Amino acid sequence: MRTKAAAYPYIAWGMLFIAIPLGLIIYFSFTDSAGALTFDNIIRVGKYSNVVVKSVWLSAVSTVICLALGYPIAYYMSRASAMTSRTLLLLIMLPMWMNFLLRTYGWMSILENSGLINQFFGLLGLGPFHLINTQGAVVLGMVYNYIPFMILPLHSVMLKIGNDVIEAAQDLGASPRHVLTDVVIPLSLPGIKTGVILVFVPSVSTFVISQMLGGGGNQLIGDIIELQFLGNAYNPNLGSAISFVLMLIVLLLMSVTGFIGDDLEENLI
Amino acid sequence: MRMKKLSGTYLGVFLAFLYAPIMILILFSFNESKGRTFTGFTTRWYSQLFSDAAVLDALWTTLVVAFVASIVATIMGTAAAIGLNKMEGRSKTLIMNMTYLPIINPEIIVGVSFMLLFVVAKNLLSSVGIPFGFGWITLIIAHITFNVPYVILSVLPKLRQMDGSLVDAAMDLGCNHWQAFTKVVIHEIKPGIITGFLMALTFSVDDFVVSYFTTGAKHQTLSVLIYSMTKKRISPEINAISTILFVFVLVVLIVVNIMERKTLEKQKKAREYQLREGGI
């Protein structure tokens with residue numbers, strides 16, 4: 001068929017600009033600067049194991065907080081009138097239209113030692129509290145930037161849960177808690193899965209949030225990758241090896257949650 | 001009742017959390033001093049912004065890259081979706097998996113992989129005497145690549161929903177292949193193409209990470225410029241940019257919303273009219 005040929009330019013483009021670049025990451029991971037095969041880079045990533053653990057831990061905490069804070073909001077929106085739900089959706093998405101560097105910069109001026117929170121406490125004669133350049137500030141930045149990615153998939157899954165299903169459970173004598181644990185949560189599981197991936201992946205690979213809100217003392221995987229490619233420590237081989245490990249972490253999470261599979265397409269849209 | 005009050009309060013607190021940094025940015029864009037206390041009203045930072053050559057250059061770069069990349073990605077992605085729709089089996093699965101890669105991969109990996117490719121290409125090309133450097137071309141290639149998957153994923157469902165016999169009908173009525181394609185297929189999948197284009201445009205304008213790794217020394221995108229500005233910390237010009245962007249998006253969204261509501265009302269009126277006339 002001739003129609004299939006319409007996809008050929010894209011296939012060529014994808015080979016050149018999607019497949020080969022990823023192949024280059026793997027190639028650079030296992031070679032030295034002269035191009036000889038080596039495992040040194042991968043072994044050297046071990047030196048950064050504390051950074052890897054910290055990144056995974058802070059992202060996991062942020063993901064759990066996003067789920068806990070976002071779940072009630074998504075549920076409320078799915079039960080509200082079409083008008084209310086539409087307005088809320090708009091209000092939640094609107095900040096995402098503002099550059100995320102700027103939003104994070106906004107948090108800097110709130111959390112700084114001479115920032116707004118400390119000015120407020122200063123009026124009461126308290127503080128200043130050390131808020132910025134802490135792990136807490138990094139988690140706050142992750143939650144703030146990525147919580148819409150948790151709420152949106154949850155909301156679209158919950159819209160499909162009919163009120164009749166919930167009423168049926170209530171009629172059959174389920175308490176509000178059982179309606180939640182036995183009906184709503186199981187039915188919203190696909191949304192939870194997508195939300196977890198959409199929050200965890202950008203969190204674990206960020207370098208902007210950790211640089212702006214974490215100071216120098218809270219380096220994450222993204223920071224050390226950036227350092228190898230654009231920083232003083234230019235070493236694309238080591239940088240590729242760390243990127244390779246990051247890719248493995250993401251793939252592992254996706255296969256554990258069953259995100260990759262036959263329904264991948266459904267999960268993404 | 002108590003439940004309702006509780007959820008209302010919670011929503012209020014959440015929205016305050018969401019908008020706090022934005023409101024702070026806007027407030028301080030009008031602050032006379034560079035410090036963190038409000039000393040007086042000024043619009044100095046706005047006038048400074050518009051005479052800042054670096055900002056204007058970055059704005060221009062951002063818009064050119066976003067439009068060129070989105071247009072190319074929309075054409076290539078629509079064609080790819082049409083071809084993919086006819087494919088089956090392992091080759092289709094393989095290509096679809098390749099398409100998902102830029103979406104599910106962390107942005108930093110995508111950015112770094114491009115940087116490696118362009119560095120290797122630069123070395124190869126300069127050894128045969130062709131000059132190649134980081135700049136508009138690398139930015140546009142990278143943006144096209146991460147935009148195409150969104151176009152494919154918004155056009156494919158429309159193709160699947162399309163009634164295949166429509167094309168046959170058009171050809172029975174005397175269309176040739178090309179006419180059937182432009183008059184029927186394109187018309188049917190238009191909403192998907194438009195969604196894909198708008199998504200591509202939004203992602204391009206908003207992108208920081210991939211641009212950061214593929215930009216040259218000469219031309220930066222707005223996000224990359226903002227990033228270098230935040231490193232210097234205090235510069236109320238950043239606040240002025242944010243305010244302008246925020247107000248711009250707000251106006252666009254309000255206009256779109258009003259337009260949608262008007263079309264809905266028109267449709268409703270038309271339906272009512274039909275019902276009355278039809279005597280149902």
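**Exercise 1.** Is the crossing of α12(A) and α5(B) left-handed or right-handed, and which residues make the contact?

*Solution.* The model under study is predicted.
Step 1. Consider the axes of helix α12 (residues 221–230) of chain A and of α5(B): they come within 11 Å and cross at roughly 15°.
Step 2. Angles under 35 degrees count as roughly parallel, so α12(A) is roughly parallel to α5(B).
Step 3. The crossing of these two helices, α12(A) and α5(B), is left-handed.
Step 4. On the side of α12(A), the contact is made by A:Gly222, A:Ile225 and A:Phe229; α5(B) contributes B:Ile108, B:Val112 and B:Met115.
Step 5. Sorted by class, the contact of α12(A) with α5(B) has five nonpolar residues, one polar and no charged ones.

**Exercise 2.** Describe the side of chain B that touches chain A.

*Solution.*
Step 1. In chain B, 57 residues are in contact with 61 residues of chain A.
Step 2. Elements of chain B that give two or more residues to this side include α1 (2–28), α5 (107–127) and α11 (236–278).
Step 3. The largest share, 13 residues, comes from α1(B).
Step 4. The division by class is 45 nonpolar, eight polar and four charged residues.

**Exercise 3.** State how chain B is divided into domains.

*Solution.*
Step 1. Domain 1 of chain B is assigned as 1–42 + 238–280, and domain 2 as 53–233.
Step 2. The C-alpha centres of these two domains of chain B lie 30 Å apart.

**Exercise 4.** In chain A, where is confidence lowest, and where is it highest?

*Solution.*
Step 1. The average pLDDT of chain A is 90, and 96% of the residues score at least 70.
Step 2. Confidence in chain A is lowest in helix α14 (residues 264–268), at a mean of 55, and highest in helix α1 (residues 8–29), at 96.
Step 3. Where pLDDT is low, the predicted coordinates should not be read in detail.

Notes: Residues numbered from 1 in each chain as written. Chains lettered and ligands numbered in written order. Predicted model: local features only at pLDDT ≥ 70, side-chain atom pairs only at ≥ 80, totals over all residues. Domains from an automatic or database assignment. Contact = placed C-beta atoms within 7 Å. Helix = DSSP H or I, 4+ residues; strand = E, 2+ residues; numbered from the N terminus. Nonpolar A, V, L, I, M, F, W, Y, C, P; charged D, E, K, R; others polar. pLDDT = per-residue confidence, 0-100. Axes fitted to C-alpha atoms, helices over the stretch in contact; angles between N-to-C directions. Parallel < 35°, antiparallel > 145°, perpendicular 65-115°, else oblique. Left-handed = near helix turned anticlockwise from the far one by under 90°.
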